[in-house]
Amino acid sequence: MINYWPLLGVAVVVAGLALRRNPVLVVVLAALVSGLLAGKSPGELLALIGTAFVNARTLLLFAVTLPVIGVLERAGLRERARTWILGFGRLTLSGLLIAYLAVRQVLAMIGLLYVAGQAQTVRPLLAPMAEATARRRLGELDPEARERVRALAAATDNVGAFFGEDVFLAFGAVLLIQSFYKGQGIDLDPLSIGIWALPTAGSAFVIHAVRIALFERRLARRVPPARVHRDGPGKAGPC
Amino acid sequence: MLTLSHVFYAVGALFVGTAVINLGERRWLHAGFWAILGVPCVAGDQILAASKAGVMWPAQAMGAGVIALAVLVTRMRSRPVVWGPDSPVALEDPEQAAAREASAAQLRDRLFVPMLAIPAVAAALVLGARPSSSPLRQWIEPGPLALISLGVAAAVALIAALVVTRARPIRGLTEGRRLLDTIGWPVVLPVLLAALGTVFVETGVGKAIAALVELALPTGNALACLLAFGLGMVAFTAIMGNAFAAFPVMMAGIGLPLLIQLHGAHPAALGAMGMLTGYCGTLITPMAANFNVVPVLLLELRDPHAVIRAQWPTALALLIANLILMRVLVFG
């Protein structure tokens with residue numbers, strides 16, 4: 001007989017999301033509810049949560065790049081990125097973001113997933129570059145337009161990272177898929193799994209690239225085409 | 001030999017240092033938060049070894065620490081994160097902005113060198129240590145090669161950054177801390193969600209879901225099974241914040257028994273594309289904090305769902321494309 005009570009843990013997550021409680025609190029509560037309803041003693045449950053937490057610590061590793069980025073930001077990395085990108089006279093917002101999307105997908109495919117990311121590249125490089133290219137063509141952006149450009153830069157990084165996948169160097173998703181099948185008695189080579197990610201990777205690139213291009217066109221219509229001045233590098237206002 | 005533990009020690013040192021700085025500023029709750037996060041990095045190996053040997057108290061203490069994190073996080077939000085001249089969120093401060101402009105004008109493209117050193121060094125190590133005859137293999141543990149390479153690359157880049165900017169080494173800690181406190185509690189959410197996934201497996205949630213699905217699904221229809229699998233991946237990924245937690249549940253419930261064994265789906269294609277279908281769910285959920293909440297904080301956006309709003313049309317179009325691709329390719 002299957003014990004359905006631990007499913008209430010999932011219900012806790014859904015309810016917590018709906019009620020907009022802090023997700024950290026919601027997740028810990030869900031683990032406690034599910035564990036206790038499955039009949040685990042408090043001691044067992046604490047040990048289970050503790051070991052599971054330690055086993056998942058790889059997800060904290062991204063922090064190892066933060067000191068470098070912080071030091072460079074303090075020395076003007078974002079400002080330099082903005083000036084530098086304006087040196088490419090004809091680069092548009094969509095050109096920049098689509099090129100980034102392609103590079104990010106290829107880097108992820110060869111296993112370099114964590115060299116770029118929201119803290120690693122979007123905040124110090126991509127977001128200021130995106131704003132600078134948008135401002136050059138459209139003039140000063142109002143706060144909402146600026147916010148949407150930044151959000152699209154963040155979204156582009158996510159799409160590139162997710163749908164690059166570790167095709168050629170298995171360490172994340174592909175290893176998980178392989179180990180699941182291995183546990184079920186199906187032996188697969190990692191590359192034979194990764195290769196099937198390519199059709200989706202291509203679709204993701206096309207779909208998101210089209211959306212970026214459409215976004216720029218809409219933005220151009222929304223922002224009144226203020227005096228388009230070809231200001232040289234260095235004249236970009238504060239971010 | 002360089003192992004993943006060494007990289008964890010470096011991250012742990014950053015967390016502990018962040019805790020100490022917060023302690024000095026009397027931000028007690030933040031100090032507690034970062035100190036607890038330091039524990040799995042600094043003492044994780046010992047905790048795992050102890051529970052393997054049957055000594056449970058270190059793992060139990062860690063579990064209690066996780067509960068403490070949840071309590072701390074609910075309190076932390078009421079205290080201001082912005083604080084003084086070295087405050088975490090000082091991007092818009094005009095005086096500092098002027099100083100950064102001046103520094104950028106002086107250092108110019110040299111600023112990019114340490115930044116590019118991260119992917120360059122990581123790629124060189126990953127590619128250099130891949131052949132089994134490579135001498136690098138004596139120095140680097142081959143299993144988690146990509147992650148260790150990232151750690152080494154970050155260390156090299158930090159040294160380069162300190163040389164280029166002529167900053168004192170302590171800046172590495174204070175600036176790393178500034179970014180960590182800018183991100184705040186979402187740092188820990190992915191770890192907790194992964195742990196919750198383990199708890200769900202151990203408590204039989206996966207089996208219960210699989211049993212419910214089989215009651216409700218017309219199992220003879222391959223397309224219905226495929227749709228249930230794909231949409232289930234999206235829904236469960238959105239709830240759990242990552243596809244890794246949803247994958248074993250949906251595979252054990254629908255993918256393996258129905259699609260592969262009953263309808264003859266191609267295992268490799270189903271696995272890869274099923275996982276990617278789940279990622280469409282990651283794009284639309286606030287539970288995927290590191291992807292959808294962290295950038296809101298890092299880019300100082302006012303709308304907490306700004307990134308999800310920018311992503312959902314891509315997610316929806318890609319989900320449809322992926323379901324069609326699966327229909328065509330998996331049963332080929």
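## Overall organisation of chain B

In chain B, residues 24 or more positions apart account for 71% of the contacts with a separation of 6 or more. The model under discussion is predicted. The secondary structure of chain B consists of 15 helices and 0 strands. Its C-alpha trace spans about 70 × 50 × 50 Å along the principal axes, and 54% of the 332 residues of chain B count as buried.

## Packing of α10 and α15 in chain B

Helix α10 (residues 222-240) and helix α15 (residues 306-329), both of chain B, have axes that come within 11 Å and cross at roughly 145 degrees. The crossing of α10(B) with α15(B) is right-handed. On the side of α10(B), the contact is made by B:L223, B:L226, B:L227, B:G230 and B:V234; α15(B) contributes B:L319, B:L323, B:M326 and B:R327. By class, the residues of this contact comprise 7 nonpolar, 1 polar and 1 charged.

## Contact between chains A and B

The contact between the two chains takes 99 residues from chain A and 120 residues from chain B. The side of chain A that touches chain B has 67 nonpolar, 22 polar and 10 charged residues.

## Helix α5 of chain A

Helix α5 (residues 77-86) of chain A is largely enclosed by the rest of the structure, because 9 of its 10 residues are buried. The buried residues of α5(A) are A:L77, A:R78, A:E79, A:R80, A:A81, A:R82, A:T83, A:I85 and A:L86.

Within chain A, these buried residues pack against α4 (66-74), α6 (93-109) and α7 (118-138). From chain B, the packing partners are α4 (94-107) and α5 (112-128).

Key:
Residues are numbered from 1 along each chain as its sequence is written. Chains are lettered from A and ligands numbered from 1 in the order in which they are written. This is a predicted model: local features need pLDDT of at least 70, side-chain atom pairs count only at pLDDT 80 or more; totals for chains, interfaces and linings use all residues. Axes are lines fitted to C-alpha atoms, for helices over the stretch in contact, and angles run from 0 to 180 degrees between N-to-C directions. Helices (H or I, at least four residues) and strands (E, at least two) are DSSP runs, numbered from the N terminus. A crossing is left-handed if the near helix is turned anticlockwise from the far one by less than a right angle, and right-handed if clockwise. Two residues are in contact if their C-beta atoms, placed from the backbone, lie within 7 Å. Ala, Val, Leu, Ile, Met, Phe, Trp, Tyr, Cys and Pro count as nonpolar, Asp, Glu, Lys and Arg as charged, and the others, Gly among them, as polar. A residue is buried if 20 or more other C-beta atoms lie within 10 Å of its own, exposed if 12 or fewer, and partly exposed in between; C-beta atoms are placed from the backbone.
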